Amino acid sequence: MENREKNYVSAVVYLGNEAGCAAPFLAELCGRLAERFEQYELVFVNDASGDGTEAEVRRFIDEMDAPPPVTLIHLSLRQGVEAAMNAGLDMAVGDFVWEFDTMAMPYPPEMILKAYDACIEGHDIVSVSPSKNRGAGAGLFYRLFNSASRSPYPLRTDVFRLLSRRAINRVRSVTASTPYRKAAYAASGLSMKQLVFPGSAGRAVEHLRFSRAVSSLALYTDVGSRVSLAIAFIMLALMLVALVYTLVVFFAGAQAPAEGWTTTMLLLTGGFFGVFLIMSIVLRYLSLLVELIFRKQSYLVESVERLV
Amino acid sequence: MPYDKIIIGAGLYGLYAARFCGRQGQRVLLLEKDAVPFSRATTINQARVHMGYHYPRSLSTALGTRDYFERFVDDFAYCIKADFQQVYATSAHFSWTNATEFKRFCNAANIPCDEISPDKYFKPGLCDGAFITREYTYDAVLLRRQLLDDLAVLPNVQLRFSAGVTGIEQSGGHWVVHTAAGEREQTAYLLNTAYAGVNEVNALAGFEPFSIKYELCEMILCEADHALEGVGITVMDGPFFSIMPFGRTGMHSLTSVTFTPHLSSREKLPAFPCQAKSGGACTPENLANCNDCAARPQSAWPSMSQLARKYLREEYDFVLKGSLFSMKPVLKASEVDDSRPTLVRVLQEGPTFVSVLSGKISTVYDLEEVL
């Protein structure tokens with residue numbers, strides 16, 4: 001008991017509709033944290049869950065012998081795991097913060113403290129993932145994201161994460177908001193480690209929605225602006241070809257085109273050419289704007305070393 | 001011979017009332033349960049002389065507070081510490097107010113508020129606004145010394161300590177007050193300034209209790225590092241903290257909205273589970289001094305300091321010196337707007353029974369209208 005660590009740690013837990021999971025999960029979590037740390041706190045975020053998950057948590061806390069400080073955040077309406085966990089993260093005070101998006105435990109419970117060990121070894125962000133990626137949609141998204149992202153850390157399905165306070169501060173200072181935490185952590189520029197356990201995420205559901213996937217791609221990668229810019233350029237080229245073809249037919253055609261065809265074609269191709277030209281310029285400005293509004297820092301530093 | 005007034009409770013309100021009436025030549029008896037005046041909430045609180053900043057959700061409280069501030073600081077200059085910088089900040093998350101609203105509120109209340117960069121005191125992204133304000137702190141020890149000196153020259157005022165009240169009954173045009181020592185004293189005017197004990201005294205006389213919630217509160221004393229020495233910091237308005245000079249003691253008080261209250265009770269009288277461990281010394285009907293209690297809760301220093309350090313930049317550090325505990329009554333009606341009205345309730349006339357409840361030191365002047 002005397003050898004417990006002085007670090008103050010927090011666990012942020014998402015309460016969706018997971019009745020039945022709370023007691024076994026909390027027993028493992030609290031047992032392990034109490035064994036290792038002198039001080040820890042729990043922050044629950046109730047995302048307007050109505051199936052008795054919260055009651056189960058309350059019962060567990062009531063029955064604890066020496067409960068730690070516990071905070072329960074009630075969200076006004078269901079806002080999804082990203083918003084909920086951001087709220088929990090803002091509330092947590094710990095030097096190290098666990099993020100549990102779910103109370104299901106498809107992983108061996110010792111992973112909870114293994115993540116901490118990895119964190120104090122110097123990895124500010126530790127994410128714990130199953131060996132099997134889950135779901136075709138999620139798999140496709142991760143492949144697309146990882147191929148377009150410049151971060152050295154690929155995204156994959158994970159079941160929980162551990163962040164140092166430094167990582168939280170960094171993530172908060174790098175971008176204006178955190179619409180997708182996983183991507184934000186990977187893009188924070190700090191050292192990240194992925195721990196893998198054998199198996200799949202099981203009941204731990206992937207909470208990624210299509211719209212969030214699209215906005216993550218737009219914010220954390222340049223895949224969106226690259227694709228749209230490419231399309232604009234292709235259309236631009238096509239119009240140029242059509243313009244040239246019209247002129248060739250007019251000057252060098254064997255027989256004269258139908259009355260008015262040349263003017264119509266000139267107007268059409270010239271007009272569309274202009275439209276796509278403007279579009280590609282506008283797109284460039286738009287991606288710059290996103291960059292300017294979203295990114296608050298122009299470069300990312302992992303660490304600074306003094307050699308002499 | 002009956003007293004003109006009997007006052008129950010030797011906090012600031014009790015001593016102030018005794019002095020006020022004593023100077024008018026009235027015969028006054030002040031009864032205090034503890035051995036020393038100011039043993040509870042008058043000493044054990046942040047010692048903030050409020051200017052109104054604390055109530056961004058209750059302009060009426062803010063306006064009243066501002067008016068009393070100047071008067072209190074003039075009258076009690078001997079116990080005021082003014083030479084420090086009082087910083088208010090609005091938390092970027094979970095706050096009921098924000099930088100723009102706070103500024104607007106200060107303008108409406110007409111209290112000084114100069115915006116500075118939050119980065120000077122806080123880690124990035126945690127506060128969306130920071131303001132230099134004008135607010136002071138009082139020293140309870142100096143205040144007590146002066147008030148006792150003032151009372152010592154008034155032979156018509158009697159102070160009796162370790163004199164808990166055990167019964168109050170009406171006999172004709174008088175109240176008969178029984179003390180723990182078996183004394184019986186009479187008066188036509190009874191003033192109840194027992195603060196957390198206000199309902200206890202009301203109950204003895206058979207009056208309705210104030211509708212209050214009791215909170216067993218911890219205030220931490222700490223020694224501030226050089227950078228924090230001349231600075232007081234309050235983060236508004238929600239589950240945050242405050243660290244500011246504690247009178248002229250040279251120490252800082254550290255409190256937080258979530259960790260300062262350890263236990264709460266919504267009963268009419270303060271009923272707490274820890275009373276079972278007091279060996280009968282403390283009951284809902286006879287609340288003992290939480291600060292001297294063996295069953296006082298374990299300190300929340302780890303959590304409170306962690307919260308403050310989450311916000312403050314590294315150089316504003318502080319070390320633990322000790323904790324003080326006391327019971328704090330909060331009006332149930334104030335929970336939404338966080339207002340702190342002074343309640344002066346005349347419960348009966350002829351013989352008169354007046355109960356007072358106020359959470360702020362500077363509104364002591366509200367008493368004068370009934371004395």
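Which order do the three strands of the open sheet with antiparallel pairing have in chain B?

Modeller: Happy to! This is a predicted model, in which local features need pLDDT of at least 70 and side-chain atom pairs count only at pLDDT 80 or more, while totals for chains, interfaces and linings use all residues. Residues are numbered from 1 along each chain as written, chains are lettered from A and ligands numbered from 1 in written order, and side-chain values use heavy atoms, without hydrogens and water.

Now to your sheet. Its order is β3-β8-β4, all in chain B, and the sheet is open, with antiparallel pairing. Between β3(B) and β8(B), the latter made of residues 136-138, the antiparallel pairing runs over two bridges. One place to look is R48(B), whose bridge partner in β8(B) is T137(B).

Chain B also has an open sheet of six strands, in the order β9-β2-β1-β13-β21-β20, and here the pairing is mixed. At its edges stand β9(B), residues 157-160, and β20(B), residues 343-348; each has a single partner strand, so each has one side without a neighbour in the sheet. From one strand to the next, the twist averages 15°.

Strand β2(B), residues 28-31, pairs with β9(B) in the parallel sense, over four bridges. Within that pairing, L30(B) faces L159(B) of β9(B). Next, look for helix α1(B), residues 12-23, which lies across β1(B), β2(B), β9(B), β13(B) and β21(B). Relative to β2(B), the helix runs at about 170° (angles go from 0 to 180 degrees between N-to-C directions, along axes fitted to C-alpha atoms, for helices over the stretch in contact).

The loop between β20(B) and β21(B) holds P351(B), and the peptide bond joining G350(B) to P351(B) is cis, with omega about -10°. Another cis bond runs from M236(B) to D237(B), with omega near -15°. D237(B) sits in the loop between β15(B), residues 231-236, and β16(B), residues 241-245.

Last stop: where chain B meets chain A. Eleven residues of chain B and 16 residues of chain A take part in the contact (heavy atoms within 4.5 Å). Together the two chains bury about 1200 Å², and carbon and sulfur atoms give 63% of that area (the accessible area lost on joining, with a 1.4 Å probe, summed over both parts). Salt bridges between chain B and chain A number zero (Lys or Arg side-chain nitrogen within 4 Å of an Asp or Glu carboxyl oxygen).

Key. Two strands pair if DSSP finds at least two bridges between them.
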